[in-house]
Amino acid sequence: MLKKILIPMLILCTTIIFTARVSAAEFEMVSYSALVKLQWLANSGNPYAKKILKRINQTNIYGEKNLNDFERLEKLNSIYQELCYASTVEYVQKNNYKNIMDIGGGYTPRAIVFAKEGRKYIGAELMAVAVSANEFVTPLAGKNFAQNISYDEVLVEDREAMLRNADKLNGEICIIENGLMIYLTEDRANEMFKLVKEVLQKHGGCFISTDFVTKDYFKEIAAALYGEDQAQMLYDETKVMYEELFDNEIYDDTFKTQEEAINFFRAHGLKVTPVPLLTDTSKLYCTKKLTKTQIEKLNQIAAKNYLWVITAE
């Protein structure tokens, strides 16, 4: 049923948005996931996400007609996506990074926010997203700031592309990755972090992500909204949704514990420093939809060291 709904949508989107260089198969491989995450972020209230979604002219992929338990999953995933988004934006701003490389960031509004602040932003993507993002994300930054944004095709194990894009940036680089790791086998993750280390050793800076604690803090958000007894079920439902969407397995058990993940980075000559997910929750749009008790619980989650800052040793 899901495929019957998505395939016509795929054909429509590729016809309207993409150039002849972008194949339907390539679009299907990554862009469903990118669009759903954008949909969740827009539903949280993020104005730039809403503008990007409107610019794409994309009907919501998921809704009450094709997703069981839609109301709860929409609220939960919208809050989760906004926290991930806000945490990376806050970290870049507080540490005043001038150069950002976003690996697998999809159609994130980070590009627009950072460009308007005078920061250089590179989206490292598959061709399907790179082509379309250059067409509609860059113009949304405005004429004066559009030159600060560029997207390029970069596979996570492509050394030439990764280093070429890093070399476009002058100074330390903050590499952002959120939501990609769960789609990578251990072999591909190994290759990616070899290149991450090479970039950081050459340019300085850091790699930031919440992907190594996703399961824990996603379930904490679910528990804050709907109770401890619902948390695992809501996590499982979301996982099934993305596996159907991406038509690929989610590798959320690559590291059984956070210590295993830390040891993985040590083996790559990388150091992990966990920091609070978010220190200022006052600007979150999702809080407008929450009760006072839920906001208090969300603040407690945001204060935990769920954002990992990874640097070259």
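Modeller: Phe265 lies in helix α11; helices here are DSSP runs of H or I with at least four residues, strands are runs of E with at least two, and both are numbered from the N terminus. Before we go on, this is a predicted model, in which local features need pLDDT of at least 70 and side-chain atom pairs count only at pLDDT 80 or more, while totals for chains, interfaces and linings use all residues. Residues are numbered from 1 along each chain as its sequence is written, and side-chain values use heavy atoms, with hydrogens and water left out.

Back to our residue. Phe265 has a relative accessible area of 0%, so it is buried (under 20% relative accessible area; exposed is over 50%, partly exposed is in between, with a 1.4 Å probe and protein chains only). What does Phe265 touch, leaving aside residues up to four places away in sequence? Its partners are Phe193, Phe212, Leu270, Val272, Trp308 and Ile310, where a contact means heavy atoms within 4.5 Å. Phe265 and Thr311 lie 46 residues apart in sequence, and their C-alpha atoms are 9.4 Å apart in space.

Now to the sheet beside it. It is an open sheet of 7 strands with mixed pairing, in the order β3-β2-β1-β4-β5-β7-β6; two strands pair if DSSP finds at least two bridges between them. The edge strands, each pairing on one side only, are β3 (149–153) and β6 (270–275). On average, neighbouring strands of this sheet are turned by 20° against each other, with direction ignored. Helix α11 (residues 258–267) packs on the sheet, where the helix touches β6 and β7, and its direction makes about 20° with that of β7. Axes are lines fitted to C-alpha atoms, for helices over the stretch in contact, and angles run from 0 to 180 degrees between N-to-C directions.

Strand β7 (residues 307–312) runs antiparallel to strand β5 (residues 205–209), and 3 bridges join the two.

Next, some helix packing. Helix α9 (residues 214–226) and helix α12 (residues 292–302) have axes 9 Å apart and pack at an angle of about 165°. The two are therefore roughly antiparallel to each other (over 145 degrees; under 35 counts as roughly parallel, 65 to 115 as roughly perpendicular and the rest as oblique). On the α9 side the contact is made by Tyr217, Glu220, Ile221, Ala224 and Leu225, and on the α12 side by Gln294, Lys297 and Ile301. By class this contact has 5 nonpolar, 1 polar and 2 charged residues; Ala, Val, Leu, Ile, Met, Phe, Trp, Tyr, Cys and Pro count as nonpolar, Asp, Glu, Lys and Arg as charged, and the others, Gly among them, as polar.

Helix α9 also meets helix α4 (residues 70–94): their axes come within 10 Å and cross at roughly 130°. These two helices are therefore oblique to each other, and the crossing of α4 and α9 is right-handed. Among the residues of α4 in this contact are Leu76, Ile79, Tyr80 and Leu83, and they meet a set in α9 including Tyr217, Phe218, Ile221 and Leu225. The contact of α4 with α9 has 11 nonpolar, 2 polar and 3 charged residues.

Two backbone spots deserve a glance. Asp69, in the loop between α3 (47–56) and α4, has a positive phi near 60° and is partly exposed at 26% relative accessibility. Asn96, in the loop between α4 and β1, has a positive phi of about 50° and is partly exposed at 42%. Most residues other than glycine have a negative phi.

Finally, the whole chain. It has 12 helices and 7 strands, and buried residues make up 58% of its 313 residues. Among contacts between residues at least 6 apart in sequence, 77% join residues at least 24 apart.

Methods
Left-handed = near helix turned anticlockwise from the far one by under 90°.
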